[in-house]
Amino acid sequence: MNNPSKKQVDILIEHGFVIPVTGPDKIIVDGAVAIDQGKIVEVGTSSELAAKFEGKKQIDATGKVVMPGLVNGHCHFLQEFMKGAQDDLPLVEWIDKVSFPRIRVAVQDYFDGKPELQYYATLHGCIDSLKSGVTTVLNMEWATPLETIKVYEDTGIRAMHGLTITDNDKWTPPEAILPHDEYFALAEKLNERCKNSKDGRVVYWHAIACPNSNSTQMIKDVRDHANSHNIPIHIHLAETNFEFNNIQKLYGNTPTGYLKDIGLLGSDVSAAHSIWLTDDDIDLLKEYGVSVVHNPECNAKIASGVAPIAKMLNKGIAVGVGSDSVAVKDNHDLFQTMRVAAYLQRVHNLDSMAISSYQVLEMATLGGAKALKVGDKLGSLEPGKLADIILVDLKSSHMRPINNLINNIVYCATSDRVTDVIVNGKLVVENKKLLTVNEEEALAEAEEFAYKRYTAAGLNLPPYFCISKVGM
Ligand SMILES: [Zn+2]
């Protein structure tokens with residue numbers, strides 16, 4: 001029965017430990033969040049909100065943390081089928097031996113008008129991300145069929161879709177490069193498609209592969225096109241020592257200094273990795289309002305280096321985190337990413353206070369939203385912000401007892417503790433069940449398609465690749 005003295009809202013979450021990410025000491029025990037028409041209406045104690053609101057859907061968060069959805073600021077879903085594919089190669093060799101053979105197949109399929117491989121890879125990635133508590137993702141892809149955008153709409157995730165742009169065939173196999181004008185024609189189609197996406201949940205980004213793999217002219221053309229079409233720009237920046245040295249050799253400058261000189265840097269740019277930076281480069285990122293997406297596990301596993309994150313945070317640069325490719329990090333568990341980010345900064349700086357647990361929690365939420373230029377709309381639980389929220393179960397041996405809620409979330413949690421996921425005010429995962437698509441059917445179908453397509457292209461995959469088929 002409706003109670004006329006209370007305002008009806010779509011969802012009322014009650015009795016949780018609310019971490020709004022509005023400050024290191026802000027925790028509401030027995031907290032509540034009211035959600036209506038896709039937005040957060042109010043955050044407070046359960047007794048305060050129960051007196052004012054009645055939820056059409058009531059969620060009891062007893063024993064759970066209620067926090068902003070995680071923001072994955074940099075990943076490549078096309079590589080979703082490569083979990084565990086390689087363990088021991090440096091980046092340049094890894095790209096050549098592991099990554100490009102798969103990319104070639106996808107780009108060939110794009111030219112042949114076959115969208116399935118990219119579609120299924122994105123579907124697999126969206127499912128894993130949502131189940132891991134990721135509510136917003138920047139997915140940087142190669143030549144993308146428009147059908148891919150429907151996956152974001154259907155699964156319920158919020159996405160920034162980046163089209164990878166490269167024109168240097170010394171660095172990229174020529175068959176993976178689109179003709180110059182086709183990049184911009186495809187970008188405009190994707191931009192229009194994303195502008196009309198369901199609930200406005202998908203936004204298009206230009207995504208420059210890296211300074212090495214593009215001519216100066218192409219980078220300038222991307223900047224001009226971004227300006228005229230109001231499109232933000234993502235880029236892999238200063239990921240390797242190789243890139244740093246190569247740009248020095250070619251242009252007599254650091255990668256960051258070179259991009260500044262040719263006019264790319266701006267407040268609409270987010271730079272993944274940003275490892276090989278001088279102090280002057282860090283000052284440039286701050287001066288131009290460039291944000292950074294840190295991918296600590298990917299950087300550690302392929303020994304690219306440690307990004308100077310503590311220094312950047314101290315300068316006031318917006319920093320988020322990303323999983324990058326699951327061919328390297330192997331999952332989309334951003335709780336693990338938070339931990340590794342903290343460990344790397346501490347060991348690199350030989351300083352146990354180099355970065356706090358709250359700072360890494362902020363990087364995975366509000367910092368990520370700021371890095372994707374949507375910090376005013378996402379990333380914290382505040383009235384008026386879009387309702388992207390997750391619930392994390394504390395009732396598990398590896399989470400308890402709780403001595404410090406923030407520390408326990410950052411250092412104890414794993415992504416399988418996420419029980420409920422709300423995106424844009426809609427429940428997408430409830431009690432660990434994905435509501436938007438049939439998870440097992442979709443994963444099996446995607447893996448079976450990938451197995452057939454890759455083996456047909458001559459790639460070797462193990463017989464247990466499709467786990468749903470093993471033993472049947
Ligand atoms: Zn990447």
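Strand 1 (residues 7–18) and strand 2 (residues 28–36) run antiparallel and are joined by 5 bridges. Within this pairing, Ile11 stands opposite Ile35 of strand 2. The model described here is a predicted one.

Strand 2 also pairs with strand 3 (residues 39–45): 6 bridges join these two strands, which run antiparallel. Ala34 has Glu42 as its bridge partner in strand 3. In a regular strand, side chains alternate between the two faces of the sheet.

Strand 2 and strand 3 form a hairpin with 2 residues between the strands. Gln37 lies in the loop between strand 2 and strand 3. Although Gln37 is not a glycine, its phi is positive, at about 50 degrees. Gln37 has 10 other C-beta atoms within 10 Å and is therefore exposed, the limit for that class being 12 or fewer.

Asn431 lies in the loop between strand 16 (426–430) and strand 17 (433–434). Because Asn431 has 10 C-beta neighbours inside 10 Å, it counts as exposed.

## A cis peptide bond

The peptide bond that leads from Arg400 to Pro401 is cis, and its omega is near 0 degrees. Pro401 is found in the loop between strand 14 (389–393) and helix 15 (405–412).

Strand 6 (residues 70–75) is largely enclosed by the rest of the structure, because 6 of its 6 residues are buried. A residue is placed in the buried class if 20 or more other C-beta atoms lie within 10 Å of its own.

Strand 6 is joined to strand 7 (residues 134–141) by 4 bridges, and the two strands run parallel. The bridge partner of Asn72 in strand 7 is Val137.

## Lys370 in helix 14

Lys370 has its place in helix 14 (residues 366–371). Is this residue buried or exposed? Lys370 has 23 C-beta neighbours inside 10 Å and so counts as buried.

Leaving aside neighbours within four places in sequence, Lys370 is in contact with Ser291, Ala318, Gly375 and Gly379. Lys370 can also be related to Val71: the two are 299 residues apart in sequence, while their C-alpha atoms are 9.9 Å apart in space.

## The packing of helix 3 and helix 16

Two packed helices are described by the angle between their axes and by the distance between the axes. For helix 3 (residues 116–131) and helix 16 (residues 439–456), the axes come within 9 Å and cross at roughly 140 degrees. Helix 3 and helix 16 are therefore oblique to each other, since only angles over 145 degrees count as roughly antiparallel. The crossing of helix 3 and helix 16 is left-handed.

Which residues of the two helices meet? Helix 3 contributes Glu116, Leu117, Tyr120, Leu123, His124 and Ile127. From helix 16, the residues that meet them are Glu439, Ala442, Leu443, Ala446, Phe449, Ala450 and Arg453. By class, this contact of helix 3 with helix 16 has 9 nonpolar, 1 polar and 3 charged residues.

Notes
Residues are numbered from 1 along each chain as its sequence is written. This is a predicted model: local features need pLDDT of at least 70, side-chain atom pairs count only at pLDDT 80 or more; totals for chains, interfaces and linings use all residues. Axes are lines fitted to C-alpha atoms, for helices over the stretch in contact, and angles run from 0 to 180 degrees between N-to-C directions. Angles under 35 degrees count as roughly parallel, over 145 as roughly antiparallel, 65 to 115 as roughly perpendicular and the rest as oblique. A crossing is left-handed if the near helix is turned anticlockwise from the far one by less than a right angle, and right-handed if clockwise. Two residues are in contact if their C-beta atoms, placed from the backbone, lie within 7 Å. Ala, Val, Leu, Ile, Met, Phe, Trp, Tyr, Cys and Pro count as nonpolar, Asp, Glu, Lys and Arg as charged, and the others, Gly among them, as polar. Two strands pair if DSSP finds at least two bridges between them.
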